[in-house]
Amino acid sequence: MNLLHHGVDQAVIALWLGHESVETTQVYIHADMRLKEKALARVAAPDVPTGRFQPDDHLLAFLEGL
């Protein structure tokens, strides 16, 4: 994981570890919480108001008529 955190490509790490494929290495990468936290820190929150959807009367009338 230290190699990955320092920018070494996953394919190179897989070769060094003797993994049959890069997918085998993915198991270890998937489990690394520090990497997940770093990725989440780089993502901006959407500029969308939060809240529950409130359908208008036309939609409710249509649904009740089904």
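**A first look at this predicted model**

1. Let's start at histidine 19. Setting aside residues up to four places away in sequence, histidine 19 touches Ala14, Thr24, Thr25 and Tyr28. Keep in mind as you read on that this is a predicted model. Histidine 19 sits in the loop between α2 and α3 (22–30). Buried or exposed, then? Histidine 19 counts as buried because its relative accessibility is 19%, and the cut-off for buried is under 20%.

2. The secondary structure comes to 5 helices and 0 strands, and reading along the sequence gives the pattern α-α-α-α-α. The radius of gyration is 23 Å, while the globule rule gives 11 Å for 66 residues; the protein's value is well over that, so the protein is more spread out than a compact globule. The C-alpha trace tells you its extent along the principal axes: about 65 × 25 × 15 Å.

3. How much of the protein counts as buried? The figure is 12% of the 66 residues. As for the accessible surface, that comes to about 6100 Å², and carbon and sulfur atoms account for 60% of it. On the charge side, there are 5 positive and 9 negative side chains, with the centres of the two sets 12 Å apart.

4. Histidine 5 has its place in helix α1 (residues 2–5). With a relative accessible area of 18%, histidine 5 is buried, since buried means under 20%. Which residues does histidine 5 touch, not counting those up to four places away in sequence? They are Asp32, Arg34, Leu35 and Lys38.

5. Valine 12 is partly exposed, at a relative accessible area of 30%. Tryptophan 16, with 58%, is exposed; the cut-off for exposed is over 50%. If you leave aside neighbours within four places in sequence, tryptophan 16 is in contact with Leu3 and Val8.

6. Next, helix α3, where you'll find valine 27. Valine 27 counts as exposed because its relative accessibility is 56%, and exposed means over 50%. How do sequence and space compare for valine 27 and asparagine 2? The pair is 25 residues apart in sequence and 15 Å apart in space, going C-alpha to C-alpha.

7. Last stop, helix α5 (residues 57–64), which holds phenylalanine 62. At 53% relative accessibility, phenylalanine 62 counts as exposed. Phenylalanine 62 and methionine 33 are 29 residues apart along the chain, and 46 Å separates their C-alpha atoms.

How values were computed:
Residues are numbered from 1 along each chain as its sequence is written. This is a predicted model: local features need pLDDT of at least 70, side-chain atom pairs count only at pLDDT 80 or more; totals for chains, interfaces and linings use all residues. Side-chain values use heavy atoms; hydrogens and water are left out. Helices (H or I, at least four residues) and strands (E, at least two) are DSSP runs, numbered from the N terminus. Buried means under 20% relative accessible area, exposed over 50%, partly exposed in between (1.4 Å probe, protein chains only). Contact means heavy atoms within 4.5 Å. The radius of gyration is taken over C-alpha atoms; the globule rule is 2.2 Å times the number of residues to the power 0.38. Accessible areas come from the Shrake-Rupley method with a 1.4 Å probe; for residues, only the protein chains shown count as cover. Lys and Arg count as positive and Asp and Glu as negative; His and the chain ends are not counted. The place of a charge is taken as NZ of Lys, CZ of Arg, CG of Asp or CD of Glu.
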